[in-house]
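Please read the following note alongside the sequence and the model. The points begin with the ligand and its surroundings and then turn to individual residues.

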Amino acid sequence: MKLIFASGNKHKVGEIKSKIPTGIEIFSMKEMGFEGDIDETGQTLEVNAKIKSDFIYSLFHENCFADDTGLEIKGLNGAPGVYSARYAGANCSFQDNVDLVLKNLKGTNERSARFRTVIHLHWKNQEFQFEGIVNGTITESPIGEAGFGYDPIFLPRGFKKTFAEMNLSEKNEISHRAIAVNKMIDFLRSEV
Ligand code: IMP
């Protein structure tokens with residue numbers, strides 16, 4: 001059974017390929033010959049994941065899925081949320097985004113936050129969504145070198161290390177994306 005992952009991120013594709021049950025073969029967009037970007041014009045993670053998954057479905061008419069992730073910070077009324085990639089503006093760096101979060105949180109005690117991933121799956125002419133959440137807090141300053149994005153300022157609840165102090169396999173055991181992916185994989189296992 002063929003399943004296309006609407007992502008150009010080779011780390012995500014590799015992670016998912018290593019987990020997928022036998023009987024299902026994952027293809028990246030690159031492997032399908034598509035290398036463009038898909039506009040994320042939605043105002044929620046759910047809508048953006050659907051936009052990307054629908055777009056790939058409209059091109060190939062094959063089973064496919066897309067994911068979208070945001071960091072939702074309570075003291076910033078849920079920001080950066082769906083705008084996590086470009087919180088500090090178009091073409092900003094991860095560092096710019098981290099700096100802006102810390103600046104906007106100055107003087108606040110409400111530093112609780114969560115990472116949330118939504119996966120939208122087209123499967124056998126039906127559509128499904130899977131959600132993964134990790135709760136935590138935003139640190140006062142960046143700690144750790146690993147990972148990407150907001151990892152250096154996110155301290156997952158119950159842990160003494162930020163995501164950027166964890167190695168990839170430690171993070172992958174508890175991450176928002178892993179939780180959403182594992183839910184989808186459980187569903188697919190029941191299908192093949
Ligand atoms: P995407 O939907 O996976 O492309 O994620 C959107 C943005 O959220 C990224 O550009 C990052 O800034 C941030 N982000 C997503 N996942 C993570 C993560 O695991 N750690 C830190 N930041 C993340």
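1. Of the 14 residues around the ligand, those that come nearest are K12, T69, D151, K171 and R177; a residue counts as near if one of its heavy atoms lies within 4 Å of the molecule. This is a predicted model, in which local features need pLDDT of at least 70 and side-chain atom pairs count only at pLDDT 80 or more, while totals for chains, interfaces and linings use all residues. Residues are numbered from 1 along each chain as its sequence is written, and side-chain values use heavy atoms, with hydrogens and water left out.

2. Two secondary-structure elements, β3 (64-73) and α5 (176-189), each supply at least two residues of the shell around the ligand. Helices (H or I, at least four residues) and strands (E, at least two) are DSSP runs, numbered from the N terminus.

3. A backbone N or O atom of T69 lies 2.9 Å from a ligand oxygen atom. For D68, a polar side-chain atom is 3.0 Å from an oxygen atom of the ligand, and for H176 the corresponding distance from a polar side-chain atom is 3.1 Å. Taken alone, the ligand exposes 470 Å², of which the protein buries 89%; accessible areas come from the Shrake-Rupley method with a 1.4 Å probe.

4. Is N97 buried or exposed? N97 counts as buried because its relative accessibility is 2%; buried means under 20% relative accessible area, exposed over 50%, and partly exposed in between (1.4 Å probe, protein chains only). N97 lies in helix α3 (residues 94-104). Leaving aside neighbours within four places in sequence, N97 is in contact (heavy atoms within 4.5 Å) with S84, A85, R86, Y87, A88, C92 and Y150.

5. The peptide bond between A79 and P80 is cis, with omega about -5°. P80 belongs to strand β4 (residues 80-81).

6. Positive phi values in residues other than glycine deserve a check. H61 has a phi of about 50° and is placed in the loop between α2 (45-60) and β3. H61 is exposed, with a relative accessible area of 57%. K124 also has a positive phi, near 50°, and is found in the loop between β5 (112-123) and β6 (126-138). With a relative accessible area of 39%, K124 is partly exposed.

Methods
A polar contact is a pair of N or O atoms within 3.5 Å; within protein, one must be able to donate a hydrogen and the other to accept it, and residues adjacent in sequence count only if both atoms are side-chain atoms.
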